[in-house]
Amino acid sequence: MQKNLYSGHTLRQVRADTGLSQVEFAKKLGLSTPYINQIENNNRPVTASVLLAIYRVFGTDLSAFEENDLDRMTQDLEEIFADTRFHGTRISKQDLHELATRAPEAARAIMDMYGTMRAYHEKDAGEDDLLQMNASDDGTGSISKSAYEEVRDYFHYQDNYVDAIDRAAEQLAIKINLLSDTRKLTALTDWLYDTYGITVEQHGAEDAALIRHNEFERRISIHRSVPDSSKSFLLGSVIAELYAKDILTSEVADARFRTQSAESIARLALRNFFAGSLLLPYEAFLEAAAASRHDIQRLSHQMDASIEQICHRLSTLQRAGSKGIPFYFVKIDRAGNVVKRHSATRFQFARFGGSCPRWNVHQAFEQTTDKFISQIAQMPDGVKYLCVATSVTKLTTDYKTQARRYALGFGCEAQYADAIVYADGLALDDRAEPEPLGVNCRICPRDNCDQRAFPAINTTPFIDSRERGIVPYRAKAAR
């Protein structure tokens with residue numbers, strides 16, 4: 001059964017963007033003012049006929065009415081309100097969904113305030129490894145969400161897809177003819193010279209920089225040890241600044257980041273997004289991914305791209321009217337630090353603390369590079385996922401440089417498993433027992449998990465002196 005869509009906050013935003021009152025807005029749509037008022041207050045759902053009227057009259061992108069953002073915000077709030085260090089109230093998931101639905105800006109403010117409280121708490125404890133001191137634009141110091149986290153959330157809450165940049169990159173890829181048999185690195189090098197008079201050359205081990213752009217001399221130099229797929233990506237990021245500078249500036253301005261640091265990080269991230277979209281143009285990649293049943297290795301050879309580039313691109317295929325399977329993507333270093341995390345799914349990444357040790361992305365470090373492992377897992381909300389993981393090793397420039405190895409994880413809801421080659425051979429029927437995953441130990445409700453590192457933060461642990469299991473304590477809900 002299709003569930004009703006309550007999206008009053010989005011309708012209010014659409015109306016605010018038009019500068020119309022409820023009376024004027026309703027009149028243009030041919031609807032009654034009380035009806036619009038009820039929709040905006042989530043007393044009535046947004047129907048298909050209302051959506052079509054909004055599209056016909058205002059040309060609004062109807063993907064804005066999807067509930068993914070609200071689901072993610074509800075999950076983030078659930079993690080926050082499980083932390084009983086800062087409050088003693090137990091709030092139901094239904095109440096949190098109501099908050100996210102009726103007052104999304106207030107919900108975001110709560111998330112920011114919680115991050116600030118954690119920063120003070122962890123700073124006092126000497127554990128400030130998640131959040132950092134940021135100087136505000138007026139020069140005063142304050143503890144707030146780190147610039148990296150702010151940019152991460154920016155991509156997280158728009159399905160890791162930026163339409164204007166993606167389409168501009170796709171148009172340029174067609175113009176350059178990057179889908180021909182010509183190697184992409186050669187095609188990009190020739191285009192840069194023909195269009196901007198920029199020469200691309202290579203440098204050796206005496207220069208540690210991966211890439212250096214000398215604008216005055218119109219020369220780009222790339223370290224010769226970098227694989228061709230990465231050289232192409234680095235060039236794509238430079239091309240973004242040359243070809244789509246105004247679009248980048250507009251997107252950063254519209255995001256309203258709090259600090260110049262966040263703006264600079266976001267601009268680089270958007271340049272990299274352009275590079276990925278340029279090398280793997282949307283429609284061509286979407287078609288190739290479906291035809292190969294999302295075979296990463298096959299796509300890597302076919303599209304002249306690295307394993308990581310393919311995995312990342314899969315998580316961005318969320319163009320309105322032409323969406324791919326919703327994937328999540330995560331990149332983790334050997335210390336467990338999350339280097340990248342993006343998701344077009346309901347899969348909940350931990351915002352605070354480590355991730356679940358049962359998640360196969362951690363096992364990828366035990367496998368040889370480029371070996372893929374799969375699992376069917378179930379999160380506490382009951383949703384099942386196909387989780388795929390592998391590891392990659394970055395080439396070193398010399399003997400003394402330590403190799404960098406990362407685990408890559410990507411996946412989708414199990415309902416799409418038939419379209420994924422990595423699900424072949426896995427038990428997918430109702431009798432199969434999926435791996436029980438949690439977001440992380442601090443909020444996981446599974447008290448009997450033998451992989452638990454410590455009690456959930458909203459429980460009270462106690463020791464039974466007469467009996468001990470693998471986990472030495474038992475837990476009960478905190479009051």
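Let me start with the contacts. Of those with a separation of 6 or more, 60% join residues 24 or more positions apart in the protein. Keep in mind that this is a predicted model. The protein has 479 residues, and 47% of them are buried. On the secondary structure side, there are 16 helices and 13 strands. The exposed surface comes to about 24400 Å², with carbon and sulfur atoms supplying 50% of it.

H1 covers residues 8-18. Its buried residues are Gly8, His9, Thr10, Leu11, Val14 and Arg15. A reminder on helices: with 3.6 residues a turn in an α-helix, residues three or four places apart point the same way. Just after H1 comes Gly19, with a positive phi of about 75°.

Next, a loop residue. Leu179 lies between helix H9, residues 163-176, and helix H10, residues 184-196. Is Leu179 buried, exposed or partly exposed? Its relative accessibility is 47%, so it counts as partly exposed. What does Leu179 touch, leaving aside residues up to four places away in sequence? The partners are Pro281, Ala284 and Met303. Take Pro281. It is 102 residues from Leu179 along the chain, yet the two C-alpha atoms are separated by 8.5 Å.

On to the sheet with E3, E4 and E5. Three strands form an open sheet, in the order E3-E5-E4, with mixed pairing. The edges are E3, residues 199-203, and E4, residues 211-214, and each pairs on one side only. Ignoring direction, neighbouring strands here are turned by 20° against each other on average. E4 runs antiparallel to E5, residues 219-223, and four bridges join them. In one of these pairings, Ile211 has Ile222 of E5 as its bridge partner. What packs on this sheet? Helix H11 does, touching E3, E4 and E5. The direction of H11 makes about 150° with that of E5.

H11 has a helix partner too. H11, residues 228-243, packs with H13, residues 260-279. The angle is about 115°, and the axes are 8 Å apart. The crossing is right-handed. On the H11 side, the contact includes Ser229, Phe233, Gly236, Ile239 and Tyr243. On the H13 side, it includes Arg267, Leu268, Arg271, Phe274 and Leu278. By class, the contact residues divide into 10 nonpolar, six polar and three charged.

Strands of a sheet pair through backbone hydrogen bonds, either parallel or antiparallel. Which sense do E8 and E9 take? E8, residues 373-378, pairs with E9 in the antiparallel sense, over six bridges. Within that pairing, Ser374 stands opposite Val388 of E9. The two strands form a hairpin with five residues between them. Gly382 sits in the turn, with a positive phi of about 95°.

E9 also pairs with E10, residues 404-413. That pairing is antiparallel as well, over 10 bridges. Here Lys394 stands opposite Arg404 of E10. Why is E9 described as largely enclosed by the rest of the structure? The strand spans residues 384-394, and eight of its 11 residues are buried, so the rest of the structure largely encloses it.

How values were computed. Residues are numbered from 1 along each chain as its sequence is written. This is a predicted model: local features need pLDDT of at least 70, side-chain atom pairs count only at pLDDT 80 or more; totals for chains, interfaces and linings use all residues. Side-chain values use heavy atoms; hydrogens and water are left out. Buried means under 20% relative accessible area, exposed over 50%, partly exposed in between (1.4 Å probe, protein chains only). Axes are lines fitted to C-alpha atoms, for helices over the stretch in contact, and angles run from 0 to 180 degrees between N-to-C directions. A crossing is left-handed if the near helix is turned anticlockwise from the far one by less than a right angle, and right-handed if clockwise. Contact means heavy atoms within 4.5 Å. Ala, Val, Leu, Ile, Met, Phe, Trp, Tyr, Cys and Pro count as nonpolar, Asp, Glu, Lys and Arg as charged, and the others, Gly among them, as polar. Accessible areas come from the Shrake-Rupley method with a 1.4 Å probe; for residues, only the protein chains shown count as cover. Two strands pair if DSSP finds at least two bridges between them.
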